[in-house]
Each structure stands twice: as C-alpha cells, then as structure tokens.
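Keep the structure open while you read.

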Amino acid sequence: MTDRRNVSSIIRNPISRRSALKGLAATAAIGTAPGFVRYSQAQSSAPIKIGFQAHRTGIGASYGRWYERTTAAAVKLINEAGGINGRPIEIITEDDGTDAARGAEVIEKFANQHKTDIVYGTLFSHVVVGSAPAAGELKMPYYVVSEGYHVASGKMNRWVLQPGITDVKAQTRSVAPWITSNVGKKITMIYPDYAFGHDHRDFFAPAAVEQGGEVIAQIPIPPTETSFTRYFPQIPADTDVIYHVMVGPAVLTFVKELGEFYGGSGPALFGFIDSLEAVDINSPGLEFLEGSHFWEGMPRYLQEGASEAEIAYRDAVGLDENGASVNDPKDVSTNAHSFGCWETLYVIKAAMEAADYKGPEDRAKLIEATEAMTEFAEGKEHPQGDKVFNGKIHQCFGHQNISVVENQKLKVVHRTSIEDGMYEPEADYTTQTL
Amino acid sequence: MTARGVDRRYIGTALGLSALAAAITLASTAPVLAHAADRGHVLILPTGYYLFGGAAAVALSFLVLALVPPGCLDRLFSFRRSLAVAPTWPRLAASTASFLCFVVLVAAGYLGSRDPLSNPLPLTFWTLFWIGLTLLQGVFGNIWWWINPLYAPWRLLSAVLGRNRAPELPRGLGYWPAVALFLGFAWFELVYPAPDDPARLASVLAVYFAANLSAALIFGYEAWTRQGECLSAFLGMIAKLAVVEGCEPRRKRRALRFCLPGAKLSSAEPLPSSGVVFLLLALSSVSFDGLMRTFFWLGLNDVNPLEFPGRSAVVGIGSYGLVAMFAALAAAFFAAVALGDRLSGKSAGIAAAAGALVWSIIPISMAYHFSHYLTALLVNGQYALAALSDPLMNGADLFGTAGLHVQAGIVMGARSAWAIWNLQAAAIIAGHLLAVVVAHAIAYRLYGSAARATRSQIPLAILMVVYTIFGLWLLSSPTAA
C-alpha cells in the first residue's frame, strides 16, 4: 500500500496545498521505492504519521472543515521549519462521520492498518468518549481538541490528552467573576436540557455564587423545542443578566423571539459563541444581540492590537478580518475552537522532541513527556495565549475572551486570567499504568 | 483463521461495544456543539405562507383542470418536434469510456485518499451520478441509455459467450428484482453508517456491477436494465419526464424529438404492480431522507437532535423508518387510486389505474430529488471537481481544478438560505402541479370522459396537496446534521 491513500483534501487548502502536496508526493515516492525500509527500523527522515480523526461528514462537518484547514496550515509550517525531530509530519485523515462507534473503528484502523504514531483532532464529545476505550486498549496516544470536561474529569484513560484547548468547566468558571462584577449579580440561566446545558448549569452556577452572584432561575429548554416565547415569562423580573447557551438550528429563532419579548429593553445577555460558531453575527434575527456579551476561546474578528503571533496564525489559516475564509467571505470559521488544533499540534511536536520520539515503541514515553509539561508560552506555537498544563488530569488551562457585540461584530473587552478558570483536579491519570 | 486474526476481530468487536457503552454511560459529561446551521435562517423565514400557498396552488390547479376542455391536454402532450436522428454507434464507445471511468474510480476508491471529500469515487457516485445525472435525465432524457457502463462489457461478454439472442425475464418477476435492489441501495445510502467510505463504496459497487452484469447476461441486457438493475430502471423512468424523447432504435439510428415536460408520462405503458411499488419506493426513500433528519422524527424516536449520536446508533430506527415511509406512501397512493376508481363510476380496475397513474409521481420524485440534494450538489460538486482533477492525490492536476478552494459559503448565510429555500419551494410546488396535470391526462385516457376523470382524481389530488405540504414542511423544519 502506498502512502498516497492517506492524503486528504486537507491539503486542498489553497494556501498550502501545492507546496504541501509536493512534500507528501515525495514521501510517497520514498514509501514505495524498492528496498524501502520501514522507518521504525532505520529511516530517521521517514514521516511522523498523525492519524487525524476528522468529522468530515455528519453533524460535525462544519467544524470538521475548519479543523482540517487549521491542521493543514500548522502542519505546513511545522514541516517547512524542519518537521519534528527532523522528520516531516504526514497527516492521515479518516472520516468518523461524527459517530461514536465509527470513532472507535477509526482508532483501530489507525493503529492496525495505517500504523500511525498517534491519533489527533477529535472535537465532538460523544466521539471522544466512544473512541477513548479503543485508544486505551491499543495504547495509542489520543490528543483531542474537544473542549469537553470528560478528559479532566478522569473518566477517560491515560492515553487521552487535551493540551490545546480549555475545557467547559474552566471556561464557565472563568467568566463568572467578570459577569458578577460588570453585568449583574442576579442571573437567570437558559440552557438546552441535556448534557451540554447541564454542564453549564452545574459548572457556572457554583462559580457565580462563589463570586457573590446569585442564580435566581434556571430554565431548561427541551432539545427539540423550536419556539421559545412561552418560556420567557419564567424569567424573573429582577434578573440582571440572562446567561444563555442555546445551540442548534433554532438559535436564531431564540434570539429573535427574545428580542421581540423584551422589545429593545430587558436584562443584559451573556452567551457562549458555541451558539453561533460558523454563523455570521450580522444575520437577520440576531439584531437583538447588539450590546450583549459572549465568551470566545479565540476571537473571531481581528482585534486592534492583536499580537504578531495571532496575525501570523490567522494569515496561515486563511482568515479574513471577520473571521471568515479569505477565499470565501460567507464561510465563517469556527475559530473559537479550531485554534486548538494548531496549538495541540505544537504541543505534540514539543512532547515528541522532549521524548526523543522514534516510533510507536516510544508511545508511552510520549505520554510521559506530555504529562511532564507544565507551561506553554504565548507565541507562534500558542497564538491564543500562554497556558498552564496539568499533567495529572491531561488538561490545559488558559485565558478566555469576553467580547461585546458592537456594530454586529465581536470586540474583545476583557481577557480573563488563567487562574479565573482553575479548579481542584478530580483525577490523576499518572497513577494508571501505561 | 490465524490466532492473530481472531484476536483482532475480538478486539474490534469488544472495542465497538465498549465505545458504545462508554458513550452511553458518559453521556452526562459529553457536551456537544450542535451547529446553528443554515436551516436556522430558514426557520425565521415566513415558510408557513409557502406551505399554504403551495397547497392552494396545487388544489387550484386541480379545479382549473376540471374546466379544461377534454382532449386539450392530450393534444398538448401529443406535440412532438423532430430534433435529430442520431446514429447508435456512439453508445458502445460511450459505454466503453464510461466503463473505463468506472474501473478507474473503483480503483481510486481502494487506492486513493481515505477522505470521502478528497476521493473521487464517493463524490462522483453520490454527487455527480446519483444527484447530478438524475437531474439531467429528468430534463434532457435518457442519457444513461448511451453511457451505461454495463452495456459495453455485456456486448463483449455476450459475443464471447455466444449469447446474442437475448432471453426475457420470467414473466412473474416483473420489477421485483429492481424493488429488492433499490431497497438495498436506499438502505445503504440512508441507513448504513458509512456509505461515503471510499473503500467500502468501491467494494459495494464492484460487487453490484459484477452481479448485474451476470444478470444481464442471463436475462438479457434490455430487460435487466429496465426491470432488474435498479439504478438504470430508476433513471429510465425519470427520463420520461424530460423534454427529449428518444424513439426506439431503428437500423442503427435513433430519432430524437422534442416534447413538453411530462408528455411522455401521460402516454407511458402502464406499469405492473411491481413497477408501481418500485416507483413508490423511490419517492418514499427520498422523502425519508428528508424526514429522518428532522427534529420531529428524531424526537419521535427519543434521539436528541442536538446531540445526534451518529448513524451507527440509529440503524434500527432508520431501517424501520425507510420501510414505514414506503408503506405509508404506498397505502395512501393505492387508497387514493382505489377510491378514485370507485368515484369515477366506470371502474378501470385498481391495478390498471395504479399502473397508469403512478407515472404522475415522477415529477414529484424529481422535485424532491432537486430540493433535497441541491445544497449537496452545490458544495460536494466542487469537491468532486477538485478530486477528479487529482484522483489519486499524487499531485496530478488533470483539469486544472485540483487546487480549487471549495466555496462552501455558496450555501451559507441568510441570503443563500433565502435563495435556496425559494428554489426548493418552487421545485416542490412545480413538481406537484405537473403531477396533477399528468394525472389528469392519464385519468382522461383511463376513464374516457372529463367528468369521470375529474371525479376519479379527487382523492389523488388531495394526496398531492398533502404531499406538497409535507415536502415543504420537510425543507423548512429544523434538522440535525
């Protein structure tokens, strides 16, 4: 089998495709040359194979497209700068269909068929949760970019790590001090009535109370609901701020109906950009969001005073000032999440170099090297900002952005400290045997 | 089987089960980011007016038809204008080329990229062939007759094997082979967890092709591609909607004539019951493709649409849904035809009436096909252009489109959502309007008088009004994925 079958449209990114393609074609030629010796035995310049578990189809496809573009951009830069330990990265894409059972199959395929060094890149939590046992069973390092609390909770296993994106518990905790100090102390939460909404309810409410706030009402909305006006009378009249985390196709309806209900006045709003990832803020129905605030992992819009590293990152990925594709202004990115791919790849690079990683026999060393990391400095490897990594719970902690909707764009008005999001670890993966 | 083989299979099964178990038990710690999606923009459009307007237009068209003088439609539908007389020799050449493309694509399925949006096989098959060619057939006629990749290998093998005299299908078999194959095809497309997986699709298509080539050798090419091989059968039927009519080949030439859309349907040979079932299955499967993504359907089956677990978890629900949708449509259609036959006052027989009137659902089938797959065609069509230019991802750029930046934005945002919704709604309404007209023309032939035809069509017209509303509702309701 040649390496060609492993190449994906990841390299169709116009910024990187042709040059990346040349590199990959060259490695393909090496791979098929007569007398080729597998790199695990001898070749020091053979590629590092990273299995990219991608949401190419299914419910996660919009995110998947940007995860691929970001991955392509980072890999191109890493390879141009000499790769990892002098070896180029080769990305092998397998579509998981955003499907938990297929996720596990894909891990097995990476391990047994493609023989990748590691697996990386999963966003949707049910796919991570479905794939993690396979990664543990097959002793395959599994670097996810999922944002869920499942890694830090200790419910995965030692082979699963999340070093490139913060988790929802930290995110909700870190915005609590700013909300209670700047927007109001009496908070009503509106959230979808399932795990995602419950995480916000369970993590944010105690954090708000710690900061002197008070959650005066919690309004769960059934996930299949598509009209919301009948829930709004449950919002107490003395509410200062509505904390909303609605997701799915009915988000625009939710905002529109909320606007119609309050008619231009009403409590302040605080939301999570998860609700509107890949959706233009300047869309009909979202006018009521003007002046409201959102959490953003990484700013969608180019901010005044953005660091050089952030500008370089945006240029490499192909983001315009509005956070859409430079080639397609209507294709709005999922930048609040997809930056995590970039940062995770650089963590993998650093960990492989620290472990002097040679091949699959060093996978355990790679896990230990990752666990030994404590800090990531802000810079081109970490354009979102510096981070702290807790090796026991395999989770990083970082700054969060709070942005206001101004002229139908998001403008960052506050950057939380890393400490704002820290919490007591509930697990220690390092006690598990490798 | 080696011990290692056993181990791997065991591990595979165990991993699959543990993955599902873990996903279920850990669901409480599993936030999922359901994308607001472009259906969100449609949800805030005044789609209710379209539903009402569409239903009214279809109902009104029925009333207007009742006043149209008898025979008027017949004369319109009989209109033909000669376009060309084409030699039939290009058929063999085109089929050979098509067969070679098929072989290359299947090889690419195995040897090319593992990414379904980079490999040309899934993109060509699902997007260009199943979506694109079906639409072309519906407009321009039976292109598939010329390019079917089965034809050239069949000609070669039948010459080698000395089977020049084509036997016919056993009479009782009717369209049942096509029904069985189409059920399998629809299940693979809509229910199977990974129909886009390049290697799996390559295997499925290779087996399908080999099996149907063998069947064509046994039962005869023309008979098998009409009543056995389900894709050719479907494409041949859809082509009867088109404005080009290809006459039966005569002395290695084939006359092509222009006709009005739907004209060929009104005079088509009535189908046996198995053929009726086949067409109803085709329409119900694309309807189910829309239904199975709606919040309504997922909620009905206790699946949280905001946390859609993936297709693996809904195989059972999808399987019964596909069959139930067909059963519901078939029951409604036969009931409408039977009731109409009784209302006519001069029974033509339910089977005969159904066999003739079922042709009127072809425009609806075409409208559903267009509306449901429009966005996929617009985006995946671009991926297909890129993938075909570099089929093995080895740096080739055969058509200069390998580096194409796929403009996914073409279907994104409020303005696109508005434009797409209007195109979809127009297609659904136009499809049903044409269906009512065609059904009326068929009924006039069946029952011999305008009054009887009109009476006979009341139940079917009601069904079409309901199906218009259903079609528009499917396209305007919230969906997952």
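Domain bounds here come from an automatic or database domain assignment. On that basis, chain B is divided into domain 1 (32–79 + 260–481) and domain 2 (89–236). The model is predicted. The points below go from domains to helices to sheets.

**Domains of chain B**

- Domain 1 of chain B is written as two stretches, 32–79 and 260–481, while domain 2 of chain B is given as 89–236.
- The C-alpha centres of domain 1 and domain 2 of chain B are 23 Å apart.
- The contact involves 32 residues of domain 1 of chain B and 32 residues of domain 2 of chain B.
- On the domain 1 side of this contact in chain B, the elements giving two or more residues are helix H14 (273–291), helix H16 (315–344) and helix H18 (362–389).
- Which helix gives the most to that side? H18(B) does, with 12 residues.
- The residues on the domain 1 side that touches domain 2 in chain B are 21 nonpolar, 9 polar and 2 charged.

**Domains of chain A**

- Chain A is assigned domain 1 (3–166 + 337–397) and domain 2 (168–296 + 399–421).
- Domain 1 of chain A puts 10 residues into the contact, and domain 2 of chain A puts in 10 residues.
- On the side of domain 1 of chain A that touches domain 2 of chain A, 4 residues are nonpolar, 5 are polar and 1 is charged.

**Helix packing in chain B**

- Two packed helices are described by the angle between their axes and the distance between the axes.
- Take helix H3 (residues 47–67) and helix H19 (residues 413–447) of chain B: their axes come within 10 Å and cross at roughly 20°.
- Are H3(B) and H19(B) roughly parallel or roughly antiparallel? The crossing angle makes H3(B) roughly parallel to H19(B), because angles under 35 degrees count as roughly parallel.
- H3(B) and H19(B) cross in the right-handed sense.
- From H3(B), the contact uses Tyr50(B), Gly54(B), Ala57(B), Val58(B), Ser61(B), Phe62(B) and Leu65(B).
- From H19(B), the partners are Ala425(B), Ile428(B), Ile429(B), His432(B), Leu433(B), Val436(B), Val437(B) and His440(B).
- Sorted by type, the residues of the contact between H3(B) and H19(B) are 11 nonpolar, 4 polar and no charged.
- H19(B) also meets helix H17 (residues 350–357) of chain B, where the axes come within 9 Å and cross at roughly 145°.
- The crossing of H17(B) and H19(B) is right-handed.
- Here Ala353(B), Ala356(B) and Leu357(B) of H17(B) meet Ala439(B), Ile442(B), Ala443(B) and Leu446(B) of H19(B).
- The contact of H17(B) with H19(B) has 7 nonpolar residues, no polar and no charged.

**Helix packing in chain A**

- Helix H9 (residues 335–354) and helix H10 (residues 363–371) of chain A pack at about 115°, with axes 8 Å apart.
- That angle makes H9(A) roughly perpendicular to H10(A), because 65 to 115 degrees counts as roughly perpendicular.
- H9(A) and H10(A) cross in the right-handed sense.
- H9(A) brings Val347(A), Ala351(A), Met352(A) and Ala354(A) to the contact, and H10(A) brings Leu366(A), Ala369(A) and Thr370(A).
- By type, the residues of the contact between H9(A) and H10(A) are 6 nonpolar, 1 polar and no charged.

**Sheet in chain B**

- An open sheet of 3 strands in chain B has the order S1-S3-S2, and the pairing is antiparallel.
- Strand S1 (81–87) and strand S2 (244–246) of chain B are at the edges, each with a single partner strand, so one side of each has no neighbour in the sheet.
- On average, neighbouring strands of this sheet are turned by 25° against each other, direction ignored.
- S2(B) pairs with strand S3 (residues 253–258) of chain B over 3 bridges, in the antiparallel sense.
- Gly246(B) is opposite Leu256(B) in S3(B).

**Sheet in chain A**

- Chain A has an open sheet of 3 strands in the order S13-S14-S15, with antiparallel pairing.
- Which strands stand at the edges? Strand S13 (375–376) and strand S15 (395–398) of chain A do, each with a single partner strand, so one side of each lacks a neighbour in the sheet.
- S13(A) is joined by 2 bridges to strand S14 (residues 387–390) of chain A, and the two run antiparallel.
- Glu375(A) is opposite Val388(A) in S14(A).

Terms used: Residues are numbered from 1 along each chain as its sequence is written. Chains are lettered from A and ligands numbered from 1 in the order in which they are written. This is a predicted model: local features need pLDDT of at least 70, side-chain atom pairs count only at pLDDT 80 or more; totals for chains, interfaces and linings use all residues. Axes are lines fitted to C-alpha atoms, for helices over the stretch in contact, and angles run from 0 to 180 degrees between N-to-C directions. Helices (H or I, at least four residues) and strands (E, at least two) are DSSP runs, numbered from the N terminus. Angles under 35 degrees count as roughly parallel, over 145 as roughly antiparallel, 65 to 115 as roughly perpendicular and the rest as oblique. A crossing is left-handed if the near helix is turned anticlockwise from the far one by less than a right angle, and right-handed if clockwise. Two residues are in contact if their C-beta atoms, placed from the backbone, lie within 7 Å. Ala, Val, Leu, Ile, Met, Phe, Trp, Tyr, Cys and Pro count as nonpolar, Asp, Glu, Lys and Arg as charged, and the others, Gly among them, as polar. Two strands pair if DSSP finds at least two bridges between them.
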